[in-house]
Amino acid sequence: MNTNLSNKDLLRYLKSLDFQAGFLDRVKVYYRPLVCPFVELINLVKEGEKVGDIGCGSGQFGLLLAEFAKPSLVFGIEISERLVNNARQLFEKYAKTAYEFEVFDGVVFPDRIRDLDVIFLNDVLHHVPKPAQQRFVADLIGKMKSGARLILKDINGGSILVYCNKMHDMLFAGEIGNELPWKKAQSWLEQNNLEILEFTKKRM
């Protein structure tokens, strides 16, 4: 765990990147640490672990992991080929670890997930259609190896502040999210035989 790591370190690093992409993609890469607790998430990874990022976007979180957590592999999947290409561009230029990125159909998780020690699902579940969310979680867990850790970070649908995120998603994603109350998400994890090791809430 890097106890000295701060959000300023992450922002400084991301803004130093020479990243050729569309305006919104660049904004998300450079400034997402302002709305997501990346420092706390990075500190959950042990050096040398193989890490997965489901819905990896343009790869900025994976690149932060590669820079500050020192995993042996970063594996990312994303439904947008444009974003996967962004991630490959960033990693080809800056990554200090092995990496793989794949385009994901949103339904069938790749077998590569069985090799991973830690899997992140950061702000992805609320973009999955409501009828498919529970199956999405179960299918992901079903691909994980015994002893792997799933880190689920998402917006608490049980909070009145969820409407701030809905406005954010309308602006940046052109859609209204399907945020879950945290207790429902927790129950889905437990129904799939996961042990909850840690639970935290944070307002950003």
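Visitor: Which residue is the bridge partner of Phe120 in strand 5?

Guide: In this predicted model, Phe120 has Ile151 as its bridge partner in strand 5. Local features in the model need pLDDT of at least 70 and side-chain atom pairs count only at pLDDT 80 or more, while totals for chains, interfaces and linings use all residues. Residues are numbered from 1 along each chain as its sequence is written, and side-chain values use heavy atoms, with hydrogens and water left out.

Visitor: What makes strand 4 and strand 5 a pair?

Guide: Strand 4 (residues 118-122) and strand 5 (residues 149-153) are joined in the parallel sense over 5 bridges, and they count as paired because a pair needs at least two bridges found by DSSP. Between them the chain passes through helix 6 (residues 130-143), and this β-α-β crossover is right-handed, which means that, with the strands pointing away from the viewer, the path from the first strand over the helix to the second runs clockwise.

Visitor: Where does strand 2 find its neighbours?

Guide: Strand 2 runs parallel to strand 1 (residues 50-54), with 5 bridges between them, and it also runs parallel to strand 3, with 6 bridges. Ile77 of strand 2 is the bridge partner of Ile54, whereas Phe75 has its partner, Glu100, in strand 3. Strand 1, helix 4 and strand 2 make a right-handed β-α-β unit, and strand 2, helix 5 and strand 3 make another right-handed one.

Visitor: What makes Phe91 and Phe101 an edge-to-face pair?

Guide: Their ring centres are 4.8 Å apart and their planes 70° apart, so the pair meets the rule that rings of Phe, Tyr and Trp (its six-membered ring) pair with centres within 6.5 Å, planes under 30 degrees apart being stacked, over 60 edge-to-face and the rest tilted. Phe91 lies in helix 5 (residues 81-94) and Phe101 in strand 3 (residues 98-103), so the pair ties together parts that are 10 residues apart in sequence. With relative accessibility of 1% for Phe91 and 6% for Phe101, each falls under the cut-off, so each is buried. The structure holds 10 aromatic pairs, and Phe38, Phe61 and Phe120 form one aromatic cluster.

Visitor: How do you know that Arg32 and Asp123 form a salt bridge?

Guide: Their closest N and O atoms are 2.9 Å apart, and this counts because a salt bridge is a side-chain nitrogen of Lys or Arg within 4 Å of a carboxyl oxygen of Asp or Glu. Arg32 lies in the loop between helix 2 and helix 3 and Asp123 in the loop between strand 4 and helix 6, so the two tie together parts that are 91 residues apart in sequence. Asp123 is buried at 14% relative accessibility, whereas Arg32 is partly exposed at 21%.

Visitor: What makes the contact between Lys202 and Glu40 a salt bridge?

Guide: The N to O distance between their side chains is 2.4 Å, so it lies within the limit for a salt bridge. Lys202 is in the segment after helix 8 (182-191) and Glu40 in helix 3, so this pair ties together parts that are 162 residues apart in sequence. Lys202 counts as exposed at 53% relative accessibility, and Glu40 as partly exposed at 37%.

Visitor: Why is Glu49 called buried?

Guide: Glu49 has a relative accessible area of 11%, so it falls under the limit for buried residues. Its side chain meets that of Arg149 in a salt bridge (2.9 Å, N to O). Elsewhere, salt bridges that share partners join Arg32, Asp123 and Lys153 into one network.

Technical notes:
Helix = DSSP H or I, 4+ residues; strand = E, 2+ residues; numbered from the N terminus. Buried < 20%, exposed > 50% of the residue type's maximum accessible area, 1.4 Å probe, protein only.
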